[in-house]
Amino acid sequence: MNRRGQALVEFVLILPVFLLILFTIVDFGNFLAKKNQLETESTDIVLLLRNGKSAEEVAKSYSKIKIEESVFEEKYNKIKISENITLINPLLYKILGNPCIVEVERIVPRDE
């Protein structure tokens, strides 16, 4: 009986599953890292917006980030910050879409 051939067949059967699990872990790590980065940058962006700069002016400083500002319940401003990330796992393409959009929202009181 040839053990090397059996080990090779088992390896070939397990490798795609292992790679999908590995790529999924990497994609979720990238997603969480980007979300954390946007959370950190949102503090600076909110301060710039509260100091009188427009969303378009702030967006020029952050080239990859999309910034939207809207009114929320008349007393608050809702600031949505989003960025696209590219996934490497083909199965996650079907679920999340590619590129995947990472969003952070902040609600701050309006200056009256």
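User: Why does Phe-23 count as partly exposed?

Analyst: The relative accessibility of Phe-23 is 29%. Buried means under 20% relative accessible area, exposed means over 50%, and partly exposed is in between (1.4 Å probe, protein chains only). Phe-23 therefore counts as partly exposed at 29%. This is a predicted model, where local features need pLDDT of at least 70 and side-chain atom pairs count only at pLDDT 80 or more, while totals for chains, interfaces and linings use all residues. Residues are numbered from 1 along each chain as its sequence is written, and side-chain values use heavy atoms, with hydrogens and water left out.

User: Where is Phe-23 placed, and what is it in contact with beyond its neighbours within four places in sequence?

Analyst: Phe-23 is in helix α1; helices are DSSP runs of H or I with at least four residues, strands are runs of E with at least two, and both are numbered from the N terminus. Beyond those neighbours, Phe-23 is in contact (heavy atoms within 4.5 Å) with Ile-88 and Asn-89.

User: And what makes Glu-74 exposed?

Analyst: Glu-74 has 67% relative accessibility, so Glu-74 counts as exposed. Glu-74 sits in the loop between β1 (66–72) and β2. From Glu-74 to Asp-44, 30 residues away in sequence, the C-alpha to C-alpha distance is 23 Å.

User: Which residues have the most contacts inside the largest nonpolar core?

Analyst: Those are Ile-45, Ile-67 and Ile-79, in a core of 18 residues. A nonpolar core is a set of buried Ala, Val, Leu, Ile, Met, Phe, Trp, Tyr and Cys residues joined through side-chain atoms within 4.5 Å.
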